[in-house]
Amino acid sequence: MAHPLGNPPTKIVAVHLNYPSRARERGRVPSQPSYFLKPPSSLAGTKEAIARPAGCELLGFEGEIALVIGSRARGVAPEDGWSHVRWVTAANDAGVYDLRYADRGSNLRSKGADGFTPVGPRLLDARRIDPAGLRLRTWVNHELVQDDTTDTLLFPFGQLVADLSRLVTLEPGDVILTGTPAGASVVRPGDLVEVEVTSGELSTGRLRNPIADGPGLEAYGAMPRTGPAEREAAYGSAYEPEPLVDPRLAEGLRSVAVATLSAQMRSRGLPHMSIDCVRPVGPDSKAMVGVAHTLRYLPLREDLFKRYGTGMNAQKRAIEELRPGHVLVMDARRDPTAGTLGDILALRARQRGAAGVVTDGAVRDSAAISGLGLSVYAAGGHPSVLGRRHVPWDTGVPIACGGALVQPGDLIVGDADGVVVVPPDIAEGLIADSQEQERQERFITEQVTADHDIDGLYPLGPAWQEEYENWRKGENT
């Protein structure tokens, strides 16, 4: 089969984010372009099937404009970058999100499979078109799903060529995939994806690629894995992820006091479910209910801090991994003599939709945090920055926080009294029993207010049972 570009390129460079519509969809706007590489063996032509490996669920399409380099570019200026582009064509930057975790950002296995970069069908002469006057459209099963233009790109094409050429020599035939607009999502075997680039009356024609079932992967390495985060990333704005906590369950947990939940868990043989020595930061002590996402700090080692404590460290990753409904729970080894969270990261947690943050260490910027409207519980306040006592080590692992073992996925409930960990599998029964306990306590409170002796009344004894049942019927009418 003939190669879609004649001779294979030495490299394919893909841009992560470039269209403002996609940046809004992703919730972030980069200050500079960032890239990943796709192997030349991923190239395919029009009408060739894109095979979704068996066992994968999330095959994503991304309609893109592909630039084909015509003359060698090394150290060129932005105003000269476009002159090194010879051809423009349509492309589909396909990938399986099920494998994205495996290469931590390189996208090699998720986007580098054979046939995952279809291009064509026609090449437009770059000398005849305005790079800021192109239109990109994508159809799935003949329905228009992407439609955007290049006049508002975050990084114009000439800038991309110049930026890359500062360190990487671009050779004739090399391909730059210039980013996808909003609307990229997931396709399934049997679907048809079409991409077209136009400049006035000039058109690449429609790049047509059916989606097909592919063979499974041999278990020699990473295997497909999906979860809420992968689905959210794959579907983009077209996907509404299921709430982390069932709204009915969350409302039930909010309806009872943390003290009641603690008592009920103790009666079930779980006396160590409270996160000790943490208090609300600020006056806002409204009920907090969410799902645990964990961050573990280890004792500071100066020789390891640069490696683990700087850049996009585990602390920052934990914040960016938060989804609406998460409670970030930090294991700071019950050491309140150093800050584990400041106002900027707390603000970002709120923007990510977090239900709250719990740390058995200290927070800094307490006054600012208390005004964010985010439920934050801490062992105290401390002015230090990261690096005095702790090094952020890892996320998404079982931790100890305030003497309690917290697993990712546990339910976390907090109020003015403190925070407890609730195992998800007992939550419904726990709510029912807690509501009954509080109902009895309301009855007991009324009797004590009426000056009854507490002997046999608190806790509710047999002598009061009939009167309680009559009272309960009246409360329910």
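The structure holds 24 salt bridges, a salt bridge being a side-chain nitrogen of Lys or Arg within 4 Å of a carboxyl oxygen of Asp or Glu. Before I go through some of them, a word on the source: this is a predicted model, in which local features need pLDDT of at least 70 and side-chain atom pairs count only at pLDDT 80 or more, while totals for chains, interfaces and linings use all residues. Residues are numbered from 1 along each chain as its sequence is written, and side-chain values use heavy atoms, with hydrogens and water left out.

Helices (H or I, at least four residues) and strands (E, at least two) are DSSP runs, numbered from the N terminus. For accessibility, buried means under 20% relative accessible area, exposed means over 50%, and partly exposed is in between, with a 1.4 Å probe and protein chains only.

Let me start with the salt bridges. Arg-137 pairs with Glu-196, and their closest N and O atoms are 3.5 Å apart. This pair links distant parts of the chain, since Arg-137 sits in strand E10 (residues 135-140) and Glu-196 in strand E14 (residues 192-199), 59 residues apart. Arg-137 counts as buried at 19% relative accessibility, and Glu-196 is buried too, at 11%.

Strand E14 also holds Glu-194, which forms a salt bridge with Arg-206, again with the closest N and O atoms 3.5 Å apart. Arg-206 lies in the loop between strand E15 (202-203) and strand E16 (207-216), so this pair ties together parts that are twelve residues apart in sequence. Glu-194 is buried, at 1% relative accessibility, whereas Arg-206 is partly exposed, at 27%.

Glu-428 belongs to helix H12 (residues 427-449) and Arg-248 to helix H6 (residues 247-254), so the pair ties together parts that are 180 residues apart in sequence. Arg-248 is exposed, with a relative accessible area of 56%. There is also a network: Arg-22, Lys-38, Glu-62, Asp-93 and Lys-111 are joined by salt bridges that share partners.

Next, the sheet. What is the strand order in the open sheet of seven strands? It runs E2-E1-E12-E6-E7-E9-E3, with mixed pairing; two strands pair if DSSP finds at least two bridges between them. Strand E2 (35-38) and strand E3 (43-44) are the edges, each pairing on one side only. Strand E1 (residues 12-15) runs parallel to strand E12 (residues 175-177), and three bridges join them.

Eight of its nine residues are buried, so H4 is largely enclosed by the rest of the structure.

A nonpolar core is a set of buried Ala, Val, Leu, Ile, Met, Phe, Trp, Tyr and Cys residues joined through side-chain atoms within 4.5 Å. The largest has 41 residues, of which Ile-65, Leu-67, Trp-82, Val-85, Val-88, Phe-157 and Val-161 touch the most other members. H4 gives the most, with five residues. A second, separate core of 33 residues includes Leu-261, Met-288, Val-420 and Ile-431.

Met-288 brings us to strand E19 (residues 288-299), which is mostly covered, nine of its twelve residues being buried. Which strands does E19 run antiparallel to? One is strand E28 (residues 411-415), joined to E19 by four bridges, and Val-289 stands opposite Val-413 there. Another is strand E25 (residues 390-395), with five bridges, where Val-391 is the bridge partner of Leu-298. Strand E20 (residues 326-331) runs parallel to E19 and is joined to it by six bridges, with His-293 opposite Leu-328.

Last, back to H12. Its axis comes within 11 Å of that of helix H13 (residues 465-476), and the two cross at roughly 105°; axes are lines fitted to C-alpha atoms, for helices over the stretch in contact, and angles run from 0 to 180 degrees between N-to-C directions. That makes H12 roughly perpendicular to H13, given that angles of 65 to 115 degrees count as such, under 35 as roughly parallel, over 145 as roughly antiparallel and the rest as oblique. Among the residues in contact are Arg-439 and Phe-443 of H12 and Tyr-468 and Trp-471 of H13.

Conventions:
Contact means heavy atoms within 4.5 Å.
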